[in-house]
Amino acid sequence: MTSVSAVLAGDVAAGARLIRWLEDGEPRGRALLAELFAHTGRAHLVGITGPPGAGKSTLVDALVGEFRRRDCRVGVIGVDPSSPFTGGAILGDRVRMQRHATDANVFIRSMASRGQLGGLARSTYDAALVMDAMGYDPVIIETVGVGQDEVEIAMLAHTTVVVSVPGLGDEIQAIKAGVLEAGQVFVLNKADRPGADDLRRQLELMLHLRAHGERASAWEPPLLATVATRGEGLEAVADALNAHAAHLRTTGQFTQRLGERSHRVFVAQFAQACAQRLLEPARLDPALASVVDDVRLGRVDPYSAVEVLLGQLAWRPSGAPPC
Ligand SMILES: Nc1nc2c(ncn2[C@@H]2O[C@H](COP(=O)(O)OP(=O)(O)O)[C@@H](O)[C@H]2O)c(=O)[nH]1
Ligand SMILES: [Mg+2]
């Protein structure tokens, strides 16, 4: 039974089915989500990002253990864009999460990209909403910090944890590329490995420079050392996450961030729906279809074609939707 009450009661089978419906774009999934929406907005959404191999999954696993000790029901969303090609990473994560697999208070889902731009961000948003409605709090989202989509997913959370490790060489570059601005908690994992002190100094310097440009009242991102494989430093990470959630709540940003998240999804969804609605009649109308064909045949550049198409649609008496 997949009903509003089943999902709200935390029925894992119902929640999993709803997430699948939403991923497949099934109308009954959307209808159910519309009813559930009023029951969302409670969960603290935590994004974990960092380069592949940084120990994110190990860290999430240890963090789940820490939050379980604190009697929290924890949701985990694994986002791995490489999975359609290899399948390996997600399988590895599943095995790693095995010790929580039989715990009814831990709900783990893996999202796979269907190759659609922005698709991952949307399915992650949907899954987080469902887990939120099911009463999981926090909901932890693991993503590989390599592409635009992944940074976007991390930014959709209330709190973004940026994981760095010694010995990769390019972690500082990855952080410079914009993740630094998005991070509210910095974790130096594999603190047991050589080079950890060097990395700590570099990160401290960067955080210092960043703090310089911010308002004095703003959140000061902590830098925390962990050895995820041994569960070391995880208490401090959980404390920092709770402290940031409290900071967001007292400053009114907790719900504001949720709103921004919904707004991004709305804009993307609206643009896609409008384009589809406009392109459908264009395909049937010979005058408009020729513009589309011209792009395919390389007779016109795509930007000019957009202008031409918009111009033609604007004066059509039957009127296309005013997008
Ligand atoms: N030495 C050491 N190894 C770690 C630590 N955390 C994770 N690892 C190892 O790093 C590898 C990659 O971990 P994984 O969690 O899959 O990384 P992810 O790709 O970021 O999710 C695994 O072999 C882990 O056992 C740590 O703190 N110290
Ligand atoms: Mg992983």
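1. Helices (H or I, at least four residues) and strands (E, at least two) are taken here as DSSP runs, numbered from the N terminus. On that basis A16 is found in helix α2. At 12% relative accessibility A16 counts as buried, where buried means under 20% relative accessible area, exposed over 50% and partly exposed in between, with a 1.4 Å probe and protein chains only. Leaving out residues up to four places away in sequence, A16 touches F107 and R109, a contact being heavy atoms within 4.5 Å. The C-alpha atoms of A16 and T2 are separated by 9.4 Å, and these two residues are 14 apart along the chain.

2. On provenance, this is a predicted model, in which local features need pLDDT of at least 70 and side-chain atom pairs count only at pLDDT 80 or more, while totals for chains, interfaces and linings use all residues. Residues are numbered from 1 along each chain as its sequence is written, chains are lettered from A and ligands numbered from 1 in the order in which they are written, and side-chain values use heavy atoms, with hydrogens and water left out.

3. As to the overall fold, the protein chain has 15 helices and seven strands, and of its 323 residues 46% count as buried. Among contacts in the protein chain between residues at least 6 apart in sequence, 77% join residues at least 24 apart.

4. The largest nonpolar core has 33 residues, and those with the most contacts inside it are L18, I77, V130 and V139; such a core is a set of buried Ala, Val, Leu, Ile, Met, Phe, Trp, Tyr and Cys residues joined through side-chain atoms within 4.5 Å. At least two residues of this core come from each of several elements, including α1 (4-8), α2 (12-23), β2 (74-79), α8 (119-133) and α13 (253-284). The largest share, eight residues, is supplied by α8. With neighbours within four places in sequence set aside, L18 is in contact with V7, G29, L32, L36 and V130. A second, separate core of 25 residues includes V64, F67, I140 and A240.

5. The metal site deserves a careful reading: the magnesium ion (ligand 2) is coordinated by S57 (OG) and E142 (OE), at 2.2 Å. Donors are N, O and S atoms within 2.8 Å of the metal (3.2 Å for Na, K and Ca), and water is not among the atoms, so sites may look incomplete. The two residues link distant parts of the chain, S57 belonging to helix α4 (residues 56-69) and E142 to strand β4, 85 residues apart. Both S57 and E142 are buried.

6. Helix α4 also holds E66 and A62. E66 is buried, with a relative accessible area of 7%, and its side chain makes a polar contact with the side chain of R70 at 3.1 Å. A polar contact is a pair of N or O atoms within 3.5 Å; within protein, one must be able to donate a hydrogen and the other to accept it, and residues adjacent in sequence count only if both atoms are side-chain atoms. Not counting residues up to four places away in sequence, E66 touches L234, E235 and A238. A62 is likewise buried, with a relative accessible area of 8%, and A62 and L234, although 172 residues apart in sequence, are 6.9 Å apart in space, C-alpha to C-alpha.

7. T226 lies in the loop between β7 (223-225) and α12 (234-250), and T226 is buried, with a relative accessible area of 1%. A polar contact of 2.9 Å joins the side chains of T226 and N189. Beyond its neighbours within four places in sequence, T226 is in contact with several residues, among them L59, V187, K190, E232 and L234.

8. A search of the whole structure finds two aromatic pairs; rings of Phe, Tyr and Trp (its six-membered ring) pair if their centres lie within 6.5 Å, and planes under 30 degrees apart count as stacked, over 60 as edge-to-face and the rest as tilted. F266 and F270 form a stacked pair, 5.6 Å centre to centre with 20 degrees between the planes. Both lie in helix α13, four residues apart, about one turn of the helix. F266 is partly exposed at a relative accessible area of 48%, and F270 is partly exposed at 45%.

9. Two arginines are placed over rings, the criterion being that NZ of Lys or CZ of Arg is within 6 Å of the ring centre and within 35 degrees of the ring normal. R73 lies over the face of Y136, at 4.3 Å from the ring centre, and the charged end of R249 sits over the ring of F254, 3.9 Å from its centre.
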